[in-house]
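Subject: Structure handover

Hello,

Here is the structure you asked to take over.

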Amino acid sequence: MKAGTRTVAGVLTVAVLLFPLYWMVNASLQPSGALLRPDPAFFPVDGTLDGYRKALSSQGPHLLSSVVVALGTVLVSLAIAAPASYALAQLKVRGGPALVFVLLIVQMIPGIVMANALYTVFSNLGLIDNYLGLVLADSTATIPFAVLLLRAFMVSVPKELTEASRVDGAGYWRTFFSIILPVSRNALVTAGLFSFLFAWADFLFAVTLTTGQTFEPITVGIYRFVGNQSADWNGIMATAVLAAVPAAVLLVVAQRYVVAGLTSGAVKD
């Protein structure tokens, strides 16, 4: 039953991802003028790679910047969220339920409010146009979600496992690294994947905390590329494909961990 559910979920995930991706690829391979016809072609019969040449030459550095920011966000998010979730789920932390409620409330704060506040703080700290600044900004949005997700799983970890390690003389940190992290693999992959996708697709923090003088993530690069090349639609679509493919491939590859991570802890044995 579980295998069938995961197979169906995987097929639906691939279909949802590939259908819009096909139309972007189709548009990116057609000449710009072909997209403005009343009856655009469903297949790129007279395809061209000019859009990809333009996209790679202008957006290549932006793609690399997004990879750095997204991976940094994943590392920071998991490094903070995993121990925090362990403490909230397995240890008797005073005020734990109140902290969980605060994490829920934090996710309701509009992003523009967070971006404006962070801009003032980061400007004073010299973190504008800085990779660390953008990683920290994205982490403010991903850490609360990751904590809630990981805590929901770690609550279901049998306490007998941690108690047995404590009896054997293991401390809290050794129990965390030796017991909790290995059994939480699916949940960690899920939290890391969502953190990566958020940072990869983030536009608000990126456009607020970067000026383009040092680096720009791909979302800001596409925004400015569209503004400068509004008539070059195959180049714009090629840029969109290059930005979508890494996230789509990552989600397809990790979808079985995502399904397991989201459903783990939902039902108690």
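How much space lies in the largest cavity? About 30 Å³. Please keep in mind that this is a predicted model. The structure has 1 cavity of 30 Å³ or more.

The lining of that largest cavity is made up of Ser66, Val69, Leu134, Asp138, Ala199, Trp200, Asp202, Ala206 and Pro217. By class, 6 of these residues are nonpolar, 1 is polar and 2 are charged. At least two lining residues come from each of α2 (50–90), α5 and α8 (185–201).

Next, the second largest pocket. Its space comes to about 190 Å³. There are 13 residues in the lining, and those nearest the centre of the pocket are Ile109, Gly111, Met114, Ala141 and Phe205. The elements α4 (111–125), α5 (131–154) and α9 (204–209) each contribute at least two residues to this lining, and α5 gives the most, with 3 residues. The lining of the second largest pocket has 9 nonpolar residues, 3 polar ones and 1 charged one.

Last, the annotated spans. An unreviewed UniProt entry assigns "transmembrane region" to residues 7–25, 63–86, 98–119, 131–154, 175–201 and 233–254. I looked at two of these spans in the model. Residues 175–201 are 96% helix and 0% strand, with the end C-alpha atoms 35 Å apart. For residues 233–254, the end C-alpha atoms lie 31 Å apart, and the span is 100% helix and 0% strand.

Regards

Definitions and conventions. Residues numbered from 1 in each chain as written. Predicted model: local features only at pLDDT ≥ 70, side-chain atom pairs only at ≥ 80, totals over all residues. Heavy atoms only, no water. 1 Å grid on protein atoms, 1.4 Å probe; cavity = no way out; pocket = protein on both sides within 12 Å on 5 of 7 lines; lining within 4 Å. Points joined across faces, edges and corners; volume = space filled by probe spheres on them. Helix = DSSP H or I, 4+ residues; strand = E, 2+ residues; numbered from the N terminus. Nonpolar A, V, L, I, M, F, W, Y, C, P; charged D, E, K, R; others polar. UniProt positions renumbered as here; feature names shortened; annotations may be inferred.
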